[in-house]
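Thanks for coming. Please look at the structure while I talk.

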Amino acid sequence: MIRFLLARLLSAVPVLFVVSVVTFGLMWLVPGDISAELGGTDATAADLEAIRQRLGLDRPLWERALAWYGALLQGDLGYSYLLNRPVAEAVFERLPVTLSLAGLSLLLATVMGVLLGILAAVRHNTWVDRGATVVALIGLSTPDFWFGIVLIILFGVWLGWLPTGGFVPLSEDPVGWARSMVLPAFTLALTQMGVIARMTRSSMLDVLGQDYVRTARAKGMRRGTVIFRHALRNAMIPIVTVVGVITGVLLSGAVVIEQVYSLPGVGRLIIGAIQRRDFPVVQGGLLVTACVFVFVNIVVDLLYGWFDPRVRDAR
Amino acid sequence: MKPHRTIARAVRGLGVAGALALTAALAPGLVDAQTRGGHVIFAQGSNPPSLDGMVTSSQASRNITMNMYETLFGFSEAIVPIPILAEGYTVSDDGMTYVIPLRKGVMFHNGKEMTARDVKASLERYRRVGATANLLSPVREIEITGEYEVTFHMVAPAPTFIESFASPRAPAVIIPEDDADADPGKTSLVGTGPFKFVDYVPDSHVTLERFDGYSQDGRHDGPDGFGGRKTAWIDRVTFRVITEAGARVAALEAGEVHILEAIPMPAARRLASSPDITLFENMPWAFSVFILNAAAPPTDNLKVREAIQVGMNMEEVMAISSEGLYQLNHRWQYPGTTYDPGEIGAEYYNLGDIDRAKALLREAGYNGEEFVLLTDSNIPQHNKAAVVIAEQLKAMGINARINMVDWPTALNLRLQDSGWNGWTLQMGIEPYLGPVAVTATLASPARPHFVVPDPTLDALYQALISGPTVEARQATFRKIQQRLYEIFGIVKLGDSGIMAAARSNVKGYTAFRFPRMHDIWLEG
Amino acid sequence: MPADAAHAAAASLGAEIARARWRRRRQFAARLFGHPSFLIGFAILAAFVATAVLAPCIAPYGPTRINYRAILAPPSAAHWFGTDGFGRDILSRVVWGTRVSLEIGVSVVLLTGIFGTLLGTAASYVRPLDGPIMRFLDGLMAFPGVLLAIGLAAALGPSATNATIALTVAFTPRTARVVRASVMVVQEMQYIEAAHAVGAGHGRIVVRYILANALSPLIVQLTFVFAVAIIAEAVLSFLGVGPPPPAPSLGNIIADGRSYVQEAWWIAVFPGVVIAVAVLGLNLMGDGLRDVIDPRQRRLRHGA
């Protein structure tokens with residue numbers, strides 16, 4: 001178990017290296033740098049050059065890369081000229097917003113998806129099944145950012161029930177936090193709810209058709225017990241896999257939803273940094289995000305083993 | 001908690017006469033019933049690049065920093081330089097020395113009193129890191145000539161020095177001597193303004209709170225432009241960054257924010273009759289311009305540039321890019337201001353004469369060369385103008401293509417000699433500052449806007465800054481206006497405005513170049 | 001066994017396989033169009049493609065025609081979907097916008113298919129390459145796809161071509177994985193060993209036997225890539241790095257409408273509905289394809 005964990009962690013190192021190299025490559029390709037942002041409209045070419053020199057942007061790329069990796073090995077993600085603070089500080093301050101958005105929508109998507117899927121499977125080939133399938137498909141096909149805009153029009157503008165954007169930290173005001181997260185989390189959950197519902201439905205159908213479930217039913221066990229205790233437990237393996245894949249998708253989707261709802265998460269930080277050419281933030285932000293990705297994948301692998309004794313015993 | 005608010009409520013119960021008497025007792029010289037306390041939330045579209053007041057010329061920063069810091073001189077409401085932290089100034093007859101006594105008893109947010117040492121240190125720092133450091137290039141040396149007095153020794157006489165020194169573009173703010181060596185953005189963010197810094201979460205918000213040790217300028221009765229007698233009533237102000245215009249409007253309607261820097265015109269029209277919202281028109285606010293690249297074909301040809309000038313329908317561009325808040329104006333000054341050059345050039349403006357444009361293009365031998373219209377995705381006015389212009393150019397038979405990039409890239413590309421032919425820009429602060437600032441962006445050596453220098457224009461610029469009297473400078477500026485309509489290096493599209501909006505319970509707010517958080521208060 | 005006899009045997013086997021394949025194809029098509037999801041999905045996609053191809057005939061106005069006297073007009077007889085901030089007809093822009101979406105979608109599918117196949121096959125067939133290629137792809141997959149695409153689009157500049165490149169880079173890793181997985185299964189099969197034994201060249205084995213048999217999961221995967229690419233184009237445009245104005249794309253029309261959700265909801269809503277319907281069609285088609293190609297794989301669904 002521990003060896004497995006160590007091996008997985010070690011295998012993440014080359015992945016993260018690739019991430020950092022690709023990021024550096026991107027930075028090299030992107031035209032312009034932060035001097036324009038700092039200098040403003042009126043700055044002349046000479047002014048910009050002076051800013052570049054001051055920030056060391058005139059040094060060759062490999063030199064900057066070396067300095068960056070050197071600092072990274074000491075646990076330093078660099079310094080943002082624009083935010084005027086260490087990159088790590090900025091990223092870790094934003095990370096909880098993104099993680100809680102992704103986490104909340106994962107919860108919503110899983111609960112709604114699994115329920116919808118079970119409903120469809122249990123009422124197989126009835127209008128309930130077809131209805132659930134259509135709902136899942138529509139969820140799957142709707143662009144989430146557009147759905148977000150529609151929800152803002154509906155709940156924020158017309159009904160006025162929920163804020164149209166912005167963020168309240170959990171520590172400041174739990175109710176305000178919940179209100180600010182409802183729409184974003186629901187928006188983000190919609191697409192993935194469809195994925196989970198479809199998965200649950202087909203997985204449940206497989207399990208419900210198997211002998212032991214029929215036996216349990218034949219022995220007179222209550223329908224609910226059979227569904228939730230026996231069938232769902234076994235149908236969980238593929239569902240967990242899908243949930244694992246989805247976590248990555250949700251983290252990625254959170255980036256866009258943060259834009260739609262003006263949430264101060266890592267995605268908005270990185271997008272803003274790309275637009276303003278704040279390279280250290282882009283590099284540090286992407287690296288941290290990638291770490292989260294890799295970590296999530298390891299957790300999913302572990303969960304997978306927990307749900308499937310065959311995998312667990314094989315280790 | 002807020003005794004004044006309670007009093008104000010009681011006041012309203014007393015009826016008008018009693019109210020006036022009581023208010024007068026509370027705040028001498030003012031008629032309305034101000035309420036002390038409250039937290040105002042102001043929303044703006046972009047993140048301030050820095051809160052270090054002198055290092056950036058961005059409006060997003062100025063909105064905030066002008067509430068935190070003050071300068072020696074600044075513009076009044078009537079755009080005349082007035083002393084703010086200075087007592088005044090005297091110029092020697094040869095124009096080579098400026099003696100500037102300072103106001104006494106002015107406190108920084110850190111509790112220390114401002115002295116000549118702080119002033120010298122701040123201005124020396126401005127020379128090094130100020131975003132428009134050339135402001136101080138006429139000054140050879142800054143000498144401390146007293147505890148509360150500095151003397152500027154000039155390189156050469158500069159008749160318009162105080163005007164440009166008072167410029168709020170990248171304000172030469174006074175900060176404590178302790179911060180003098182700080183790198184850009186690394187100061188303690190301490191100033192002398194009516195509000196002091198609390199916290200800054202980039203991409204989210206900046207919070208300021210009232211500075212209770214603020215030293216009011218007793219020479220005025222109330223605020224005047226960037227200076228005057230400032231009174232902070234509200235406890236706190238938060239500048240929230242909401243990048244999306246629609247989200248800003250929704251937040252205002254929901255009461256989550258009190259004041260919007262700019263509200264899109266369609267929303268303004270919708271809310272005009274709402275009792276909860278008050279609108280503040282800032283007109284004129286900026287020049288909309290279209291800069292042509294005289295270094296790259298086909299726009300290196302004067303006839304092609306003239307064709308574009310006469311073929312364009314400025315009204316269509318302005319109506320769409322400003323969403324209807326504009327005035328047609330061919331002048332390189334706002335109408336009715338001191339340097340208004342009159343009708344010069346009007347005969348080339350807003351003609352929409354496609355046939356004449358086509359004839360000129362034929363004369364120029366234009367043969368379908370590509371016209372790259374550079375614009376950015378960040379500022380809607382820029383890219384909307386570009387879209388309309390592109391359609392108009394196509395109607396003239398010009399092979400126009402829009403290259404929309406993000407703002408930093410656009411700033412970078414337009415410094416190149418080739419790769420673009422036209423660039424759309426809002427000139428916000430320069431027209432406000434007057435003819436020198438406008439011309440400076442077009443003439444050598446600063447000249448970020450023209451790629452190919454025009455010697456005649458450069459000479460006129462020199463004449464303008466050294467013109468000894470207003471009349472002399474007015475005459476020069478008329479020549480500048482004339483010249484701009486001879487070289488067609490830059491097309492004046494018109495003047496656009498911006499519309500600010502506030503919740504109706506915000507009182508005392510007025511439209512100005514930056515949102516003044518002093519002298520406003522919350523009612524109810 | 002003499003070599004020519006082996007070749008003859010292989011040739012007759014090949015002819016047999018070809019006949020069987022033809023039969024299977026006809027049955028396959030029949031089953032496919034008998035599948036309701038596929039049929040509906042196909043019809044939607046056909047309508048979408050027809051709209052894109054016939055845009056000049058369908059659109060009532062030019063997609064970039066400006067009219068400053070009809071700014072933000074609500075839906076009416078003259079403008080079914082209303083107009084935008086330039087007074088341009090939204091219906092015409094949506095109709096023309098389907099072209100850009102389709103172009104980007106098709107290009108991304110083709111490029112992703114090609115690169116995914118090359119990388120996936122190389123990784124599974126040439127063992128020493130497996131490690132490096134997969135680590136590289138894992139690295140790309142460790143980015144949130146949107147951020148990678150935004151970074152690339154910012155680097156290359158906003159244009160339809162660059163959006164295509166960005167999306168291809170973002171989607172290729174997953175496709176390559178699908179190909180690699182199915183090639184791995186196929187190449188262990190006995191007939192591949194047989195082909196090796198009779199001395200068939202590597203190129204022939206890969207193309208003729210392995211890829212031909214690993215194609216089904218790839219096609220299913222690509223229908224979903226198509227669907228996701230159409231959404232992703234809209235996302236990129238929404239974030240300002242998609243195809244630039246004035247040419248309409250479904251995404252940049254929504255982005256235009258973002259500022260007017262209250263005054264002119266029609267700008268953002270209509271193109272969004274069109275995207276949702278088109279993607280729904282592709283998903284239905286993909287589901288149908290998957291059911292028919294490989295009923296056991298019903299649950300294998302790859303998000304992006």
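When I say contact, I mean heavy atoms within 4.5 Å. One caution before the items: this is a predicted model.

B:S61 sits in helix α3 of chain B, which covers residues 59-68. Buried or exposed, then, for B:S61? The relative accessible area of B:S61 is 1%, and under 20% counts as buried, so B:S61 is buried. Which residues does B:S61 touch, once neighbours within four places in sequence are set aside? They are B:P48, B:P49, B:S50 and B:T56. For one of these, B:S50, there is also a distance to give: its backbone oxygen lies 2.8 Å from a polar atom of the side chain of B:S61.

B:E253 belongs to helix α6 of chain B, residues 245-253. With a relative accessible area of 28%, B:E253 is partly exposed. Again leaving out neighbours within four places in sequence, B:E253 is in contact with B:R270, B:L271, B:R503 and C:Q262. Side chain to side chain, B:E253 and B:R270 make a polar contact at 2.8 Å. As for B:D276, it is 23 residues away from B:E253 in sequence, while the C-alpha to C-alpha distance between the two is 8.1 Å.

Third, the interface of chain C and chain A. On the chain C side 43 residues are in contact, and on the chain A side 44. Together the two chains bury about 3900 Å², and carbon and sulfur atoms give 78% of that area. How many salt bridges does the rule find across this interface? It finds one. The salt bridge pairs A:R198 with C:D287, and their closest N and O atoms are 2.6 Å apart. Polar contacts across the interface of chain C and chain A come to four residue pairs, with both residues at pLDDT 80 or more.

Where on chain C does the side that touches chain A come from? Helices α5 (127-141), α6 (145-156), α9 (202-238) and α11 (265-293) of chain C each supply at least two residues. The largest share is that of α11(C), with 13 residues. Sorted by class, this side of chain C has 30 nonpolar, six polar and seven charged residues.

The last item is inside chain A. In contact across the boundary are 14 residues of domain 1 of chain A and 10 residues of domain 2 of chain A. The area buried between these two domains is about 1100 Å², with 75% of it on carbon and sulfur atoms. The salt bridge count between domain 1 and domain 2 of chain A is zero, and the rule also finds zero residue pairs in polar contact, again with both at pLDDT 80 or more.

On the side of domain 1 of chain A that touches domain 2, α1 (2-29), α2 (34-39) and α4 (61-73) of chain A each supply at least two residues. Here α1(A) has the largest share, five residues. By class, that side of domain 1 divides into eight nonpolar, three polar and three charged residues.

Notes. Residues numbered from 1 in each chain as written. Chains lettered and ligands numbered in written order. Predicted model: local features only at pLDDT ≥ 70, side-chain atom pairs only at ≥ 80, totals over all residues. Heavy atoms only, no water. Helix = DSSP H or I, 4+ residues; strand = E, 2+ residues; numbered from the N terminus. Buried < 20%, exposed > 50% of the residue type's maximum accessible area, 1.4 Å probe, protein only. Polar contact = N/O pair within 3.5 Å; in protein donor to acceptor, adjacent residues only side chain to side chain. Buried area = accessible area lost by both parts, 1.4 Å probe. Salt bridge = Lys/Arg side-chain N within 4 Å of Asp/Glu carboxyl O. Nonpolar A, V, L, I, M, F, W, Y, C, P; charged D, E, K, R; others polar.
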